[in-house]
Amino acid sequence: MKAPIFLNALRAFEASARHQSFSAAADELNVTPAAVGQLVRSLEGWLGTPVFVRGTGRARLVPTEAALRALPDIRAGFDRLNLGFAKLREGSTTGVLTVTVSPAFAAKWLLPRIHKFQAAWPDTDVRLDTNLKLMDFATQGIDIGVRYGAGRWPDLAAEKLMDEEVFPVCSPDYLRRHPELDSPSALLGATLIHDLSVDSRAGFVTWATWLGTVTGDKAPSQRSGLTINNSAAVLQAAIDGHGVALARSVLARDDVASGRVVRLFPEIAYPSTLAYYIVYRPEAAPLPRLTAFREWLLDEAGVAS
């Protein structure tokens with residue numbers, strides 16, 4: 001059996017075994033059920049043994065014992081082939097660049113600027129994977145990402161992109177309605193918007209830690225307010241006048257510059273121990289598309305600082 005036909009026969013067998021149906025396998029492979037059946041029969045002819053138990057009255061295909069033992073290795077082989085093909089495509093300066101970032105970083109920092117990269121690299125299509133979880137770059141086909149943390153992620157190179165400061169913000173209208181907000185201690189009686197997008201155990205600055213440090217109140221009371229698990233939505237709630245948010249400078253920069261929110265007590269500096277990092281697999285560092293995007297991120301961060 002020639003190599004392309006052999007691979008097609010193996011794909012037909014694996015899909016049929018997984019779905020326990022020639023028809024479902026045909027839908028996945030975009031061929032007819034008859035074509036799938038023919039490919040499976042050609043594989044059986046080459047092997048000299050059946051791969052499915054034949055019999056009447058069976059609603060679903062049942063692999064033989066030998067086929068069941070072989071399936072994990074066949075599936076692993078296809079996974080490795082797909083990974084190898086992806087690595088071949090990585091060397092091109094054109095095509096798709098898959099970037100993983102948090103939803104908030106995408107909305108508040110990357111998307112307002114990404115048109116500059118697209119103008120400089122028109123043959124590269126950027127595919128954004130917005131997720132709070134750090135993906136497995138190799139198996140998920142991720143080229144590069146930006147993550148918020150302490151700079152240590154297993155199996156990934158991490159290069160600092162931007163440091164961050166934390167400060168309270170509110171809308172101009174909210175400040176007009178609450179002229180008593182003239183000192184950090186006044187926030188103890190304000191409606192606070194809480195951000196739960198990052199685990200506080202990782203060093204994320206919360207209202208409790210900020211107020212405890214700045215006001216000396218080691219256990220500030222939990223006032224009524226909003227609790228949100230997305231930093232972009234936290235800022236939007238402050239823009240809409242729902243209370244005072246503890247903003248992260250990288251995400252809030254454009255909103256502060258435009259006047260959508262007002263930074264309270266700008267004389268107080270509170271740097272975060274966490275920062276934004278460019279992350280990628282070390283072995284992928286020389287790839288042209290990755291290098292171009294990494295350098296663009298660093299340039300943009302320098303301009304924005």
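Glu 14, Arg 18, Glu 28 and Arg 75 are joined in a network of salt bridges, a salt bridge being a side-chain nitrogen of Lys or Arg within 4 Å of a carboxyl oxygen of Asp or Glu. The model is predicted, with local features requiring pLDDT of at least 70 and side-chain atom pairs counted only at pLDDT 80 or more, while totals for chains, interfaces and linings use all residues. Residues are numbered from 1 along each chain as its sequence is written, and side-chain values use heavy atoms, with hydrogens and water left out.

Glu 14 is buried at 8% relative accessibility, whereas Arg 18 is partly exposed at 39% (buried, under 20% relative accessible area; exposed, over 50%; partly exposed, in between; 1.4 Å probe, protein chains only).

Asp 255 forms a salt bridge with Lys 108, with the closest N and O atoms 2.7 Å apart. This pair links distant parts of the chain, Asp 255 lying in helix H11 and Lys 108 in helix H5 (residues 103–110), 147 residues apart. Asp 255 is buried at 1% relative accessibility, and Lys 108 is also buried, at 14%. A salt bridge also connects Asp 255 to Arg 260, at 2.6 Å between the closest N and O atoms; Arg 260 is partly exposed at 40%.

Methods: Helix = DSSP H or I, 4+ residues; strand = E, 2+ residues; numbered from the N terminus.
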